[in-house]
Amino acid sequence: MTLPVAVLVSGSGSNLQAVIDRIESGAIDARVTVVVSNKPDAYALTRARNHGIPTCLLPHGDYPDRAAYDAALLAAVRDSGAEAVLLAGFLRILGAPFVAAYRDRIVNIHPALLPSFPGIRGQGDAAAYGVTLAGATVHFVDEKMDNGPIIIQAAVPALPDDGAATLGARILRLEHRICPQALAWLAAGRLTIEGRKTRLAPADVPPADTSDTAPCLVNPPLEAGF
Ligand code: GRF
């Protein structure tokens with residue numbers, strides 16, 4: 001059954017676009033019920049409108065406190081009919097009531113190999129630290145920031161001259177593969193959470209052609225369509 005999913009954004013929405021494209025290609029059995037932004041100038045809102053997807057602007061400055069904002073956010077997501085939530089560059093922490101309402105059905109894309117470099121400057125922090133491998137993580141969301149069970153990770157080389165921008169661009173290319181892939185697995189009911197671990201049920205799907213992602217490593221491996 002097609003999964004109704006709300007997508008929360010704050011910025012350009014390139015991950016949202018990657019998801020929309022895979023839904024339209026038939027690789028993800030999901031429907032975006034609403035795109036919610038906390039930023040009025042988020043280009044993600046334009047991307048949504050271009051595809052006839054309802055949008056909702058909720059500037060956090062309009063609310064007296066986090067609880068009020070969270071309640072409005074939850075109402076917008078619920079009213080859209082969403083049964084799952086994708087955080088695609090949403091730069092706000094969800095409150096406990098929101099997480100409880102959609103427990104084990106909220107997924108976030110983070111531009112670092114968690115548990116290293118949580119927070120909003122993952123790419124820059126990794127570049128400054130001098131790691132030689134960086135990457136991205138798609139994970140379930142719990143009450144703590146960038147903390148829930150990991151679904152899929154992609155590792156990319158980090159180079160001595162990298163800064164946030166160059167390393168971030170290398171990571172973002174892989175985000176556009178693993179974010180839609182994780183949503184497809186969720187929509188297909190193939191993900192089971194076991195404590196800190198996520199188990200992916202096998203399926204009769206051929207592997208993706210990943211020749212264009214070398215020298216990156218993605219695990220679990222991408223499947224056809226991603
Ligand atoms: C991505 O790097 C994502 O990992 C991070 O914010 C960025 C959003 O990019 N959380 P976009 O809005 O999807 O283009």
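Two strands are said to pair if DSSP finds at least two bridges between them. With that in mind, and remembering that this is a predicted model, begin the tour by selecting residues 3-9, which form strand E1, together with residues 30-37, which form strand E2: these two strands pair in the parallel sense over seven bridges.

Stay with this pair and show the side chains.

Eight strands form an open sheet with mixed pairing, and they can be followed across in the order E3-E2-E1-E4-E5-E6-E7-E10. At its edges stand strand E3 (55-57) and strand E10 (217-219), and because each has a single partner strand, one side of each is left without a neighbour in the sheet. As you move across the sheet, the neighbouring strands are turned by 15° against each other on average, direction ignored.

From here, go to Gly61, which is found in the loop between E3 and helix H3 (66-79). Is Gly61 buried or exposed? Its relative accessibility is 68%, and since exposed means over 50%, Gly61 counts as exposed. Select Lys39 as well and compare the two positions: Gly61 and Lys39 are 22 residues apart in sequence, and their C-alpha atoms are 9.8 Å apart in space.

Finally, colour the chain by its two domains, with domain 1 covering 1-103 and domain 2 covering 113-136 + 146-226. The C-alpha centres of domain 1 and domain 2 lie 21 Å apart, and the contact takes 15 residues from domain 1 and 13 residues from domain 2. About 1,100 Å² is buried between domain 1 and domain 2, with carbon and sulfur atoms giving 72% of that area. To see the domain 1 side, select Asn15, Arg22 and Ile28, which lose the most area to domain 2 and together account for 40% of what that side buries. How many salt bridges does the rule find across the interface of domain 1 and domain 2? The rule finds zero there.

How values were computed
Residues are numbered from 1 along each chain as its sequence is written. This is a predicted model: local features need pLDDT of at least 70, side-chain atom pairs count only at pLDDT 80 or more; totals for chains, interfaces and linings use all residues. Side-chain values use heavy atoms; hydrogens and water are left out. Helices (H or I, at least four residues) and strands (E, at least two) are DSSP runs, numbered from the N terminus. Axes are lines fitted to C-alpha atoms, for helices over the stretch in contact, and angles run from 0 to 180 degrees between N-to-C directions. Buried means under 20% relative accessible area, exposed over 50%, partly exposed in between (1.4 Å probe, protein chains only). Domain bounds come from an automatic or database domain assignment. Contact means heavy atoms within 4.5 Å. Buried area is the accessible area (1.4 Å probe) that two parts lose on being put together, summed over both. A salt bridge is a side-chain nitrogen of Lys or Arg within 4 Å of a carboxyl oxygen of Asp or Glu.
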